[in-house]
Amino acid sequence: MEIPYTVKNRPDTGIYNAKLGVWLFLASEVMLFGGLFSAYVLLRVGAQPGHWPHGWLDVRFGTVNTILLALSAITTLLAWAACKVREFGKFKFFHGCTILLALTFLGIKSYEYHDKWIHYEIQLKDGTFADGHLEEQDDKQVVLHGRIVKDEKDLYDLRAQKDIQLGEVKIDRANIVKMQNYGPWHNTFTAIYFTLTGLHALHILGGTLVIFYLWGPGSKMYKTDPERFTNRIEVSGLFWHFVDLVWIFLFPVLYLT
Amino acid sequence: MSESEQPVDLKSYIRLCAVIFLVVLCTTSAMIAASFSDHLGSGWTGRVTVILGIAVINAFLVAGYLMHLLSEKKLVYTVLCFTVFFFIGLMGLTLWAMGNFPVGTINH
């Protein structure tokens, strides 16, 4: 049985079915991310003065990831254009680049997550706070590469503090009141950061799998039905550009403001 | 006919992409500069407005040129109009309800 309107446009809609389908899907995705962005706004504006983190995320990593995604959006478009002019070799090259760029993005994101996972805030019995990256721990003591501050508020705005001296901090376990890493449970900022970027990273992963399929085993269709294959590339490309669009707003919202 | 249905010239697409990439590089740099600049004053609202304004330019480039949204069919625009309407509603309701706490609410 032949599926109708996979290549030709439907007379009533003016576009082929998959394209209408992906636009409807993207509309639902806008609402999904919109809900989370509105949650971010609520948390950010509702935070008490001085209690919203600044400078917790490395702008350099965010910038590199922005450039990687922008490049991958461009290679996706060029892969589609190469399909359109029937240059299969160039399609393979451009989409291969897209996959590599996406994997690099995920690699950097994983590194950032790992960095937060090994970053600890420790409340001590004398009322001070130790903060830094976990170097080693055993039953008796914990060793961080970080610093000790008197007030927890000093840990929020890192941009305002110019000379932060970091060093080895040894803490006896007997002096610890509470020890927690910078995972999603740490505070509302890390919760919304991991939720937003985690959902976005899942979209990147899903998109990469689809693009990999179309680049690899799925590319057999090019020989039998190149027009339909080109439409598949266009539809997957629309999804990929949407993922780039989301990052265009995630980067400034989380890293720069 | 939408742009994606027109005959494609790969070289012209490469040129277009190069221009878009350069603009994205510039706008990203501008966002970072705005974030760290002291010239924008200390007001958080003004700084955020500038940064998000630049992000909107980036988004326009991606949606308009890479997604061919500047020359799409009417149905796609209709779908997106509904999306924008509900998105604005979602954000608007959130902002509207921001200070709407029941009498007697205590903030810790």
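This is a predicted model: local features need pLDDT of at least 70, side-chain atom pairs count only at pLDDT 80 or more; totals for chains, interfaces and linings use all residues.
User: Which domains does the assignment give for chain A?

Analyst: Domain 1 of chain A is made of two stretches, 26-116 and 186-256, while domain 2 covers 119-181. The C-alpha centres of these two domains lie 34 Å apart. Their contact takes ten residues from domain 1 of chain A and eight residues from domain 2 of chain A. On the domain 1 side, three of the residues are nonpolar, five polar and two charged.

User: How is chain B divided?

Analyst: Chain B has domain 1 at 7-67 and domain 2 at 72-98. Between the C-alpha centres of domain 1 of chain B and domain 2 of chain B there are 22 Å.

User: Why should helix α3 of chain A span 44 Å?

Analyst: Helix α3 of chain A holds 30 residues, 88-117, and at 1.5 Å a residue it should therefore span 44 Å. Its end C-alpha atoms are 43 Å apart, which agrees.

User: Which residues of α3(A) are buried, and what do they pack against?

Analyst: A residue counts as buried if 20 or more other C-beta atoms lie within 10 Å of its own. In α3(A), these are A:F91, A:F94, A:H95, A:T98, A:L101, A:A102 and A:F105. The buried residues of α3(A) pack against α2 (59-84) and α4 (188-215) of chain A.

User: How many residues does each chain give to the contact between A and B?

Analyst: The size of an interface is often given as the accessible area lost when the parts come together. Here residues are counted instead: 39 from chain A and 35 from chain B. On the chain A side, α1 (17-46), α2 and α6 (226-256) each give two or more residues. That side divides into 26 nonpolar, nine polar and four charged residues.

Conventions
Residues are numbered from 1 along each chain as its sequence is written. Chains are lettered from A and ligands numbered from 1 in the order in which they are written. Domain bounds come from an automatic or database domain assignment. Two residues are in contact if their C-beta atoms, placed from the backbone, lie within 7 Å. Ala, Val, Leu, Ile, Met, Phe, Trp, Tyr, Cys and Pro count as nonpolar, Asp, Glu, Lys and Arg as charged, and the others, Gly among them, as polar. Helices (H or I, at least four residues) and strands (E, at least two) are DSSP runs, numbered from the N terminus. The expected span of a helix is 1.5 Å times one less than its number of residues. A residue is buried if 20 or more other C-beta atoms lie within 10 Å of its own, exposed if 12 or fewer, and partly exposed in between; C-beta atoms are placed from the backbone.
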